[in-house]
Amino acid sequence: MRRLTATIFLFALAGCSSGAMEATECQTADWRAIGYEDGARGYGPNYFGTRRKACAEHGIAANFDAYMAGRDQGLAYYCRPQNGYNVGIQGYRYSGVCPPALEGAFLSAHADGFGLYQRHAAMQNISKRLNYSRQRAQELEFIMADKSAQLVSPGLLAADRVAIGIELKQLTQEKIELEEAIPQLEADYSAARYEYEEYRARVAGRYAS
């Protein structure tokens, strides 16, 4: 296993995980180790075609049996519940690669992780809207103060005075709407944060490393 892990590390350094392989890599390839790496990354079985094609361009045949044997071992690592949870909290969907014996536990953990991801995303979305509303309301104060100063400027043409007056009215209405919306956004954020923290406290302990 130590030799296998070291081989995987060397392939990762060489950029082999992208599927592109140079002639020398194909000539010296440990197809079992490459399969393990791809399985541990959750790549589907069709990824072997990428490897095979890359080496075929150099006139070198890939070893399907060794690759798939290694991939099966790699999937056993990928399909752990802990990893399913980690995949979920990063927002990645399940790609259907786990064998039936491991899939149930993986899917359950992935659902827990993805649920946390969704709650965090909802909380962040509200936070962004709240921050924007606060910043925009503050920005409007400066804009309206500047427009008000322009409105009383001596020598201002009547048409310009009317235009500024209309703009001030529009800005005032926007500010009122923002100030009315901010308390609700604050309440929504508090509720979303509570739900996120409560959910995280409920599920995270199941997957503590």
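An axis here is a line fitted to C-alpha atoms, for helices over the stretch in contact, and angles run from 0 to 180 degrees between N-to-C directions. With that in hand, let's look at this predicted model. Two topics stand out for a quick tour: how helices α7 and α8 pack, and the 2 disulfides.

**The α7 and α8 pair**

- Helix α7 covers residues 100–151 and helix α8 covers residues 158–203; their axes come within 7 Å and cross at roughly 160°.
- Angles over 145 degrees count as roughly antiparallel, so α7 and α8 are roughly antiparallel to each other.
- The crossing of α7 past α8 is left-handed.
- As for who's at the contact, its residues split into 21 nonpolar, 16 charged and 8 polar.

**The C26 and C55 disulfide**

- C26 and C55 are joined by a disulfide, with 2.1 Å from S to S.
- This link of C26 and C55 is left-handed, at -90° about the S-S bond.
- C26 sits in helix α2 (residues 23–27) and C55 in helix α4 (residues 47–56), so the bond links distant parts of the chain, 29 residues apart.
- Both ends are tucked away: C26 is buried at 3% relative accessible area, and C55 is buried at 0%.

**The C79 and C98 disulfide**

- The sulfur atoms of C79 and C98 lie 2.2 Å apart in the other disulfide.
- C79 is in the loop between α5 (64–78) and α6 (81–89), while C98 is in the loop between α6 and α7, so the pair ties together parts 19 residues apart in sequence.
- The C79 and C98 link is left-handed too, with -100° about the S-S bond.
- C79 and C98 are both buried.

**The overall pattern**

- Counting bonded cysteines along the chain, the disulfides pair up as 1-2, 3-4.

Methods:
Residues are numbered from 1 along each chain as its sequence is written. This is a predicted model: local features need pLDDT of at least 70, side-chain atom pairs count only at pLDDT 80 or more; totals for chains, interfaces and linings use all residues. Side-chain values use heavy atoms; hydrogens and water are left out. Helices (H or I, at least four residues) and strands (E, at least two) are DSSP runs, numbered from the N terminus. Angles under 35 degrees count as roughly parallel, over 145 as roughly antiparallel, 65 to 115 as roughly perpendicular and the rest as oblique. A crossing is left-handed if the near helix is turned anticlockwise from the far one by less than a right angle, and right-handed if clockwise. Ala, Val, Leu, Ile, Met, Phe, Trp, Tyr, Cys and Pro count as nonpolar, Asp, Glu, Lys and Arg as charged, and the others, Gly among them, as polar. A disulfide is a pair of cysteine sulfur atoms within 2.5 Å. Buried means under 20% relative accessible area, exposed over 50%, partly exposed in between (1.4 Å probe, protein chains only).
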